[in-house]
Amino acid sequence: MSSRTGVQTEVRWPEAAADYEELRVVTGARSGVTIAIAVHSTVLGPALGGARMWHYESPADGIEDALRLARAMTYKAAAAGLALGGGKGVICAPAPKRPEGELRRAILLDFGDAVASLGGKYVTAEDVGTGSADMAVIAERTSHVVGLPGERGGSGDPSPVTARGVLASLRACLEHRFGDPSLKGVRVCVIGAGHVGSRLARLLANGGAEVTLSDVDPSRRTLAEELGAAWVEPADAILTDCDVLAPCALGGVIDATTVDRLRCEIVCGSTNNVLADDRLAVDLTRRGIFYAPDFIANAGGLINVYAELHHLDRAGVSALVDHIGATIALVLDAAERHGTTPLAEAQSLALERLRGGAAAAA
Ligand code: NAD
């Protein structure tokens, strides 16, 4: 199952690794940092997943993270209907402070070598702790990298595409809930006015929605003013009385303490792992709240780098973004018919596509 190159680190392979096609752990020859690349599945295509640079308590924690995130990428790509598998790269940064200068370059070149050693099975991209400039350094050692700067032919910032995918999901939810996908007069609370949230808020306001914005950064109020949106303090945002709650900040905002107090009809945002626990999807359904599963709603970021990999034009990207809305509609319908949750249906859909891919390859 696992092959290892470079200087092997002294870590135990987690049991879960047996489900994976490959786990590569190396100590960077230049930097000395631990690098883990997990390839969960290449059944539907090359395993694409970002390079996360983070300071972990131990290399074993970094490896666990790579495994967990790689599996999630498999389901995300499958549910989005992309010809991609799931993988993830983790760089265990030597200290909490962001590595800079020569050390950063050494780390990235080492990571590039690790990616190259997988011969295209794994394709890397930006993730937490890395950006497009870092991808350009990685590209010095491997061609299996996307998310390059625009001037290098890369797809650039993924958040505009992510925001469009969330909007397509939101419209599908509105159609399902109110029989009309129109944004006119729909009350939407966007939590987090960062890269995705600010773009989503703008699209919503342009479409005639009544937007409420929230952010821990008070300077984001200027955007609310510009859009004629209301402002709510972050501590109160999750309980805003609205039609749609659109979390676009940190994960886990819907938890056991908030789920029964939500005052919305729909939850649809870009946040990864918006539910602190998958079982909360049942509570949402019990309360009659429609939930657009995060890994489908926020697939625009993945579509953006997929387009770079396959040299898709704008029309190709738009078709895939529209497909996100259609997929949300599919899982909402299925959940209603089967008496399940949209999350359970999204997971089944991904598994079905994976089985289909495996059968076709056999
Ligand atoms: P970002 O860092 O640009 O924006 C996040 C914003 O949330 C910031 O303005 C921050 O101040 C604010 N924030 C943080 N904590 C908050 C809180 N408790 N209440 C209110 N606001 C808070 O991040 P982003 O790129 O816009 O991503 C947002 C979410 O979407 C993340 O969960 C990310 O993983 C997910 N996501 C993003 C993309 C993408 O294309 N950028 C793709 C897929 C998923």
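User: By class, how many nonpolar, polar and charged residues does the lining of the largest cavity have?

Analyst: Classes first: Ala, Val, Leu, Ile, Met, Phe, Trp, Tyr, Cys and Pro count as nonpolar, Asp, Glu, Lys and Arg as charged, and the others, Gly among them, as polar. Here the lining of the largest cavity has 6 nonpolar, 2 polar and 1 charged residues. Among the lining residues are Pro247, Val267, Cys268, Tyr291 and Asp294.

Before we go on, this is a predicted model, where local features need pLDDT of at least 70, side-chain atom pairs count only at pLDDT 80 or more, and totals for chains, interfaces and linings use all residues. Residues are numbered from 1 along each chain as its sequence is written, and side-chain values use heavy atoms, with hydrogens and water left out.

User: What is a cavity, and what is a pocket?

Analyst: Both are found on a 1 Å grid over the protein atoms alone: a cavity is a set of points where a 1.4 Å probe fits but cannot get out, while a pocket is an open set with protein on both sides within 12 Å along at least five of seven lines; lining residues have an atom within 4 Å of a point. Grid points are joined across faces, edges and corners, and a volume is the space filled by probe spheres set on the points.

User: What is the volume of the largest pocket?

Analyst: The largest pocket has about 1800 Å³. Its lining holds 50 residues, and Arg52, Lys76, Asp127, Asn272 and Asn298 lie nearest the centre. Helices (H or I, at least four residues) and strands (E, at least two) are DSSP runs, numbered from the N terminus. With 7 residues, α1 gives the most to this lining. By class, the lining has 20 nonpolar, 19 polar and 11 charged residues.

User: Where does the ligand go?

Analyst: A molecule sits in a pocket if more than half of its atoms lie within 2 Å of the pocket's grid points. The space taken by the ligand is the largest pocket.

User: How far are the ligand's oxygen atoms from the side chains of aspartate 215 and serine 270?

Analyst: An oxygen atom of the ligand is 2.6 Å from an N or O atom in the aspartate 215 side chain. For the serine 270 side chain, the distance from a ligand oxygen to an N or O atom is 2.8 Å. A polar backbone atom of valine 196 is 2.9 Å from an oxygen atom of the ligand.

How values were computed: A polar contact is a pair of N or O atoms within 3.5 Å; within protein, one must be able to donate a hydrogen and the other to accept it, and residues adjacent in sequence count only if both atoms are side-chain atoms.
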